[in-house]
Amino acid sequence: MKNALVVIDMQKGFMNENTKHIIPKIESLIKKNLFDYVLFTQFINTNGSQYEKLLQWSELKNSPQIDIVDELEKYSGNLFKKNYYTSCTEEFVGFLEKNDIKELYFAGVDTNICVTKTSVDIFEKGYIPYILSDYCASHTGPEYHKFALKNLEKF
């Protein structure tokens with residue numbers, strides 16, 4: 001049984017004063033070589049998406065917003081693109097199955113949305129999720145990060 005560090009949506013468009021502090025932490029964690037695999041996800045908003053229609057949010061469609069932050073880009077060889085909150089795309093789950101990955105350790109943004117949604121979906125698919133709380137953040141503020149961690153305790 002193998003494990004993977006899943007670095008969720010560490011993209012330039014999500015970086016601000018609430019999130020940029022985890023960049024060096026994640027890089028340090030990757031350099032420790034504790035994981036069999038390091039997987040990155042990349043959110044790309046599409047024209048006509050639910051984000052546009054219902055939330056009036058049209059960000060993260062193009063470079064440089066969708067680009068992985070410079071400090072972590074060199075580690076993002078296993079990159080999975082997604083157009084939704086969850087990282088559980090067919091391609092992502094197929095990679096996990098093909099490589100016998102059963103334990104997933106989550107880092108990245110946003111704790112309250114994409115990290116939560118992916119970890120719950122992974123759990124429901126029979127994998128073992130771990131949230132690395134010190135390596136996650138929410139671009140909308142630390143209160144959302146803390147709320148998500150409290151909520152995840154119940155999962």
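Reply: L60 counts as buried because its relative accessibility is 1%, where buried means under 20% relative accessible area, exposed over 50% and partly exposed in between, for a 1.4 Å probe and protein chains only. The model is a predicted one, in which local features need pLDDT of at least 70 and side-chain atom pairs count only at pLDDT 80 or more, while totals for chains, interfaces and linings use all residues. Residues are numbered from 1 along each chain as its sequence is written, and side-chain values use heavy atoms, with hydrogens and water left out.

L60 belongs to the loop between α2 and α3; helices (H or I, at least four residues) and strands (E, at least two) are DSSP runs, numbered from the N terminus. The backbone of L60 has a positive phi, near 55°, although the residue is not glycine. Q56 lies in the loop between α2 and α3 as well, and its phi is also positive, near 50°, in a residue other than glycine. In contrast to the buried L60, Q56 is exposed, for its relative accessible area is 63%.

P64 is also found in this loop, with α2 spanning 50-55 and α3 spanning 70-73. The peptide bond leading from S63 to P64 is cis, and its omega is near 10°. A cis peptide bond also joins V109 and D110, with omega about -15°. D110 sits in the loop between β4 (101-109) and α5 (111-124).

The aromatic residues come next. The structure holds 10 aromatic pairs, counted when ring centres of Phe, Tyr and Trp (its six-membered ring) lie within 6.5 Å; planes under 30 degrees apart are stacked, over 60 edge-to-face and the rest tilted. One of them joins F43 and Y51: the planes stand at 90° and the centres are 5.2 Å apart, so this pair is edge-to-face. Both partners are buried, F43 with a relative accessible area of 3% and Y51 at 8%. Y51 also pairs edge-to-face with W57, at 6.1 Å centre to centre and 75° between the planes. W57 is partly exposed, because its relative accessibility is 27%. Ring pairs link F43, Y51 and W57 with F14 and Y85 into a cluster.

The cysteines form no such links. The structure holds zero disulfides. The cysteine sulfur closest to that of C114 is in C136, 11 Å away, which is too far for a bond. C136 is likewise in no disulfide, its nearest cysteine sulfur being that of C114. C114 counts as buried, at 6% relative accessibility, and C136 does too, at 3%.

I128 lies in strand β5, residues 128-137, and is partly exposed, with a relative accessible area of 33%.

Terms used
Disulfide = S-S within 2.5 Å.
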